[in-house]
Every structure is written in C-alpha cells, then in structure tokens.
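Morning, everyone. Have the model up on your screens.

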Amino acid sequence: MTSELDIFVGNTTLIDEDVYRLWLDGYSVSDAVALRVRSGILEQTGATAAVLQSDTMDHYRTFHMLERLLHAPPKLLHQLIFQIPPSRQALLIERYYAFDEAFVREVLGKKLSKGTKKDLDDISTKTGITLKSCRRQFDNFKRVFKVVEEMRGSLVDNIQQHFLLSDRLSRDYAAIVFFANNRFETGKKKLQYLSFGDFAFCAELMIQNWTLGAVDSQVDDMDVDLDKEFLQDLKELKVLVADKDLLDLHKSLVCTTLRGKLSIFSEMEANFKNLSRGLVNVAAKLTHSKDVRDLFVDLVEKFVEPCRSDHWPLNDVRLFLNQYSASVHSLDGFRHQALWDRYMGTLRGCLLRLYHD
C-alpha cells in the first residue's frame with residue numbers, strides 16, 4: 001500500500017496574486033481551480049491538474065491563516081510566523097480592504113448593522129459579486145468604522161495608522177465612515193447616476209468644512225460628526241430669500257456680472273429666485289436629522305434637475321455658482337459672510353460634482 005503526500009517546505013511565504021484575487025472574490029477551491037485551468041496555466045507551466053489543485057489548496061490555507069492578521073494589519077507587520085516581504089505585506093493589506101464600486105454603492109449611507117448585513121444576499125444577486133466577497137467588504141467597512149468612529153484627530157490619518165492603507169483608500173474609507181455615521185440617503189432612484197467617487201468627493205469637502213474638526217482639532221469624533229452649532233446657525237441665511245430687497249439686490253448683482261457670459265442667461269434670470277430659495281432653504285433645514293440625511297436628494301431636486309431641464313452647460317453652472325456665492329459679499333444688509341462662505345464653499349464644490357450635463 002502506497003500513500004501520496006503533498007509536501008511544501010520553504011522560508012519565505014509565497015503569495016500568488018492571481019490566487020489571492022480568486023480567494024478575495026469568494027471563489028471556492030474547486031471554482032478557483034477551474035478558473036485557473038481556463039486561464040491556460042497548465043499549458044504554460046506543464047503542471048498536472050492534481051498539482052494545480054494542491055497548489056490552490058495550499059494558497060487558500062495560507063490566506064485563511066493570514067486573514068485574522070489582516071483584520072488588524074499592524075499585527076501582520078510584527079508577527080514572525082509568515083516571512084513576507086514588506087512590499088508583499090502592503091499588497092495583501094491593500095487588496096484585502098479594496099472594495100467593489102457596485103457593492104459600496106448599495107450600502108453607502110446605511111447603518112453598518114446586522115439589519116444591513118441581512119440584505120447582502122440580495123446585494124450579491126443584484127451586483128453579481130459573490131456573497132462571501134460581499135461579507136468581507138461589509139465586515140471591513142464595519143471594522144474600520146468601529147475602530148475610528150470615536151477617535152480624536154484626522155479621520156484619514158487614523159485609518160492610515162490603524163489599517164496601513166494607502167492615502168487614496170484611506171480617504172475612500174473616511175467617506176464610507178462619514179456617510180455611515182450621518183446616514184446620508186444615496187439609494188433613491190434620482191441619485192443612481194452618481195458614483196461612489198462623486199459622494200466621496202463631497203464627503204471630503206464636508207469633513208474639511210462642516211464637521212467639528214473644521215473648527216477644533218482636539219475634539220473626539222472631529223471628522224465624523226457634523227458641527228451642530230454650525231447647522232443651527234445656517235438658519236440665519238434665510239434672510240437672503242425672506243428679505244425681498246436683499247433677494248432682488250442679490251439677483252441684480254449676479255445678473256449684471258453674468259450678462260453676456262452665459263449661454264442660458266435668460267433661463268438663469270427667470271429662475272434665479274427659485275434656485276436661490278432652493279439653496280438657502282436646504283441650509284435652513286439642516287437642523288433636522290432627516291433633512292441632513294436627504295441632503296443629496298434635496299440638492300438634486302432643488303438645483304441639479306432644474307438646471308439640467310434648462311440644459312445648462314457645466315461651465316455656465318460653474319460661472320453662476322461662483323458669482324452667486326461671491327456677490328453676497330456686496331450685500332450691505334447681510335451680516336453672516338463667514339457662515340455663508342463656510343456653507344457655499346462646500347456646497348459649490350458638491351453641486352459641480354453632482355451636475356452631469
């Protein structure tokens with residue numbers, strides 16, 4: 001009677017990037033073997049199907065053992081069991097925490113709880129991403145959120161420090177944490193044209209300007225929670241549309257400057273008051289948590305859709321928003337310039353990103 005043994009002896013832990021990708025994507029060993037065969041690896045290497053099966057299983061075992069370390073990346077750097085070069089460690093961490101655009105769009109702004117996790121079956125079916133991969137990505141979002149949500153200091157820096165991610169991926173996770181904490185609505189039909197990148201861009205602007213950290217770098221949750229005092233103060237901006245003289249003067253200043261510079265000048269002139277009321281009323285309502293959640297819905301309804309229906313070119317939108325924001329400084333009766341700049345500086349950037357002409 002003979003026995004066959006598969007033996008692997010070595011010092012440096014070998015990482016096959018292609019197999020790692022298959023494991024991250026949630027494929028079983030048998031499915032991964034089939035995909036590797038289909039790629040032509042047997043012909044390229046001269047290996048047998050049995051060797052390929054054994055090689056795939058060996059890699060999967062290694063990845064399973066590494067996974068607990070990947071949950072706390074600094075542990076991977078300091079452990080001595082697996083001899084992995086630093087560049088390889090960075091690759092393992094970065095790819096483990098990478099996520100699919102289609103998946104993050106389904107969960108962005110939702111509470112990272114068991115209730116949302118129950119929806120992963122449906123998300124997997126809708127997106128074509130394996131359930132196992134959906135769970136990994138969701139658990140990563142939740143893990144990062146729990147670690148950094150109450151930390152003092154920069155959200156991006158905290159994520160980089162505790163999870164050793166690249167600057168770009170750390171910024172993406174900061175957006176995910178920020179949206180999960182503030183529960184912004186992103187799933188409505190009228191928002192489906194927006195990508196994760198669009199929302200992440202807006203999140204970065206809001207973190208920089210609308211959070212507690214924008215005014216005090218020593219508070220807890222500084223980049224996670226919106227500055228409630230700032231949101232309360234935004235009600236003061238209503239005077240811009242409630243005071244008829246101010247509204248008329250604001251319109252006159254904008255129209256005088258932009259006459260001859262916009263291809264849609266007549267449409268802008270006719271719609272100015274409605275657009276201004278929309279933008280100012282969005283600000284005034286941000287004292288209520290539901291209106292905070294509906295911020296992007298309101299911006300699309302009150303500004304993007306009216307401009308799009310009149311076929312405003314993006315450059316005209318930019319010119320209008322720049323002048324609309326700047327001309328307030330020439331309104332003698334208005335006393336909230338700094339508040340206006342903090343609000344519109346961020347809103348202008350978001351609206352330009354949300355506007356796809």
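At what angle do helix H1 and helix H4 pack, and how far apart are their axes? One note before the answer: this is a predicted model.

Start with H1, residues 17-24. Its partner, H4, covers residues 49-70. The two pack at an angle of about 65°. Their axes are 11 Å apart. Angles of 65 to 115 degrees count as roughly perpendicular, so that is what we call H1 and H4. The crossing of H1 past H4 is right-handed.

Who makes the contact? From H1, we have Val19, Tyr20, Leu22 and Trp23. From H4, His59, Tyr60, Phe63, His64, Glu67 and Leu70 take part. Sort the H1 and H4 contact by class, and you get seven nonpolar residues, two polar and one charged.

Next, H2. This helix runs over residues 29-38, and it also meets H4. How close do the axes of H2 and H4 come, and at what angle do they cross? They come within 10 Å, and the angle is roughly 125°. That makes H2 oblique to H4. The handedness here is right-handed as H2 passes H4.

On the H2 side, the contact uses Val29, Ala32, Val33, Arg36 and Val37. On the H4 side, look for Leu52, Gln53, Asp55, Thr56, Met57 and Tyr60. By class, the H2 and H4 contact has seven nonpolar, two polar and two charged residues.

Tyr60 is part of the contact with H1, and Tyr60 is part of the contact with H2.

How values were computed:
Residues numbered from 1 in each chain as written. Predicted model: local features only at pLDDT ≥ 70, side-chain atom pairs only at ≥ 80, totals over all residues. Heavy atoms only, no water. Axes fitted to C-alpha atoms, helices over the stretch in contact; angles between N-to-C directions. Helix = DSSP H or I, 4+ residues; strand = E, 2+ residues; numbered from the N terminus. Parallel < 35°, antiparallel > 145°, perpendicular 65-115°, else oblique. Left-handed = near helix turned anticlockwise from the far one by under 90°. Contact = heavy atoms within 4.5 Å. Nonpolar A, V, L, I, M, F, W, Y, C, P; charged D, E, K, R; others polar.
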